[in-house]
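The structure is shown first.

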Amino acid sequence: MKLKLHLAALAAVTALASLPAQAQTEIQWWHSMGGALGDWVNDLANEFNASQKDFKVVPTFKGNYDEAMTAAMAAFRAGNAPNILQVFEVGTATMMAAKGAVKPVGEVMKQAGVAFNPKSYVPAVSGYYTANNGEMLSFPFNSSTTIFYYNKDAFKAAGLDPNKPPTTWPEVTLAAAKLKATGSKCPYTTSWMSWVHLESFSLWHNTLFATQNNGFGGPSARLAFDSPLHLRHFENLANMSKQGLFVYKGRAGASTPSFVSGECAMFTGSSGTYADVSKGAKFAYGLAAMPYYPDVVGAPQNTAIGGASLWVMAGKKPAEYKGVAEFFKFLSDPAVQSASHKRTGYLPITTAAYELTDKSGFYKEKPGTDVAVTQMIRKTTDKSRGIRLGNFVQVRTILDEETEQIWTGKKTAKEALTAAITRGNEQLERFEKANKP
Amino acid sequence: MAAEKYAVFKSGWLPWALLAPQGLIIAVFFFWPAAQALLQSMQMQDSFGLSRQWVGLDNFRSLFADSAYLEAFQTTAVFSVLVAVLGLSLSLVLAVFADRVVRGALLYRSMLIVPYAVAPAVAGVLWVFMFAPSLGVVAYALRHFFELEWNHLLNSMHAMTLIVAAAVWKQISYNFLFFLAGLQSIPKSLIEAAAIDGARPWHRFWTIQLPLLSPTTFFLLVINMVYAFFDTFAIIDATTQGGPGRDTAILVFKVYQDGFKGGDLGGSAAQSVVLMVIVVALTVLQFRYVEKKVQY
């Protein structure tokens, strides 16, 4: 009897003690931000946790983008997916097709009764993550785009004006020739071949990369980058490669060190690479808008989005969704956004945050940091809203494989692009089949 | 004779009981996943497993309609033969020398075994650092001393050399251990007798040691083929990622890429079934034809 009483008392005390802990709902957030960016994510969570008492956001680093996504897929199958998952732009179509696995952000906000205006977001960013019915599906978090970097010291040495970066592709070729003539071993290189030279290139020239408005119209989209413009650009790059004006330095971001080390004088890559360049470059560098072909009508339009967004996973408790909504509201705050933009080099994703950053004098202090923003803050067209295709990880690999054969001299630009379309379309067909409603 | 080779059990259940632990491990870690792969290879499902449909042999059909997949067979054959032959011969040479060393034998042995403790992905990164076209130590040395512009990003031969070197380096330790043990189990009296008869070291190696090593060599041949076919995707992912073009994209790398990076489980499972069939066939062939030449 005595023992029973003791137990009851103990249970009561434990229940009391655990009350405050129970009241705080935990929100699991899986992300792929390593190193300095990981600190940024943790700071955001801490700041939010300190700002209120009801919810606790717990960020967990789950490896790089595709690892985190694979982990979340496995976790979902096992029934313990996180509340929030950071997914790179390439995985967007896959997430959109997984209707039972995700809960649209618009719906989360509405059910939680949190004020949320998708219109306050930069259209080229939010449009990418919005369904055809106008509902925002995922929350834009870290967005980047493609920009042009150049080595001002190398420009000076080659007799080029360091304050006048080339604005068109013919000018890039001319500058590269001058750089080579004065001894540069690598006048121009690029990272992310598909993203920079096909995806962003298409949007920038207001030309379709794939049918059905680049996949926005539905899963029956097929690749279309064999237009005369695309061919012309790759023939141009092939010629530059033959003459040693363009030097291929590997897939994805592998070429970044060759610009930062000073080996390559001109470079196209992610605006997010700014952090590496500003930290590592021991020379004067400049940032500029992506080059284009001046005779193309409608160019320059806007460039393609990169980076990632936050997806809300389905099948969780209402209280947790309320917490997710509150957290997203916190992240949308212009002051928080502006601070993140300045800290990471990712785009400010609301117009208000851009204006706030502009007012603070940041762009004057660090010239070139506004290039990415001005490329993106434009009214998008149906052809330039973005590229959203299924099995896109595989399509990008195919593009790497095929375009590499241009630089090795195995295939002509036309042969490579045609083969990439045939092989890529097989992937799109597979995706359409596997995700039939 | 037969009585020495085969143990005779009186009880009917005891041999099965003794086999059970090993059988259980094989069932859980091999048969079950293999059965899953077979099942998934005939399905098509979305990444989150929300919908599943039976597609029969469709996954296989689209695989064999893809010319890039067929090319991968050739690449895999070249890669596997190179890895097995180079890996076996290099480690045999090392084992023979290590067997003869009198002083500091333990040190040499330990040094040769160390690479086995390195994870494949780490090994890949290590090699890619050394051979990075503009920054790597080895690439620099090649340019400096041999005027060779090393570029595995655009030169297929260079790329293949790089992945073979990394894969062989990783496996040498394992082969070395078995060869060394094999060499040490050869009775000294045999070699001494031959020496007294006037056989030179080279002759002794060819006529006595190598034939007596044949069971070890055969075992290692099978293991190395399996290694080259299945365990090398991390090395390739960390070095060439299958490039330039598809020139180093071996079969298992595509399984990994499509399944783990692309989330296409059906297609990936179909590829692994194809791979499984190839390796089983190769192993059966080896046991039927090569094993006849082995002297136990």
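The pLDDT is the predictor's confidence in each residue, on a scale from 0 to 100. The structure is a predicted model. For chain A the mean pLDDT is 90, and 95% of the residues of chain A reach 70 or more. Over residues 12–21 of chain A, however, the pLDDT is below 50.

**A:Gly345**

In chain A, the loop between helix H16 (334–344) and helix H17 (351–359) holds A:Gly345. Is A:Gly345 buried or exposed? A:Gly345 has 22 other C-beta atoms within 10 Å, and it is therefore buried, as the cut-off for a buried residue is 20 or more. Apart from neighbours within four places in sequence, the contacts of A:Gly345 are A:Ser271, A:Gly272, A:Tyr274 and A:Ala275. A:Ser384 lies 39 residues from A:Gly345 along the chain, and their C-alpha atoms are separated by 23 Å.

**Contact between chains A and B**

On the chain A side, 33 residues are in contact with 27 residues of chain B. Helix H4 (65–78), helix H5 (92–97), helix H20 (392–407) and helix H21 (413–434) of chain A each supply at least two residues of the side that touches chain B. H20(A) gives the largest share of that side, eight residues. The table lists the side of chain A that touches chain B by residue class.

| Class, side of chain A that touches chain B | Number |
|---|---|
| Nonpolar | nine residues |
| Polar | 11 residues |

Terms used: Residues are numbered from 1 along each chain as its sequence is written. Chains are lettered from A and ligands numbered from 1 in the order in which they are written. This is a predicted model: local features need pLDDT of at least 70, side-chain atom pairs count only at pLDDT 80 or more; totals for chains, interfaces and linings use all residues. Two residues are in contact if their C-beta atoms, placed from the backbone, lie within 7 Å. Helices (H or I, at least four residues) and strands (E, at least two) are DSSP runs, numbered from the N terminus. A residue is buried if 20 or more other C-beta atoms lie within 10 Å of its own, exposed if 12 or fewer, and partly exposed in between; C-beta atoms are placed from the backbone. Ala, Val, Leu, Ile, Met, Phe, Trp, Tyr, Cys and Pro count as nonpolar, Asp, Glu, Lys and Arg as charged, and the others, Gly among them, as polar.
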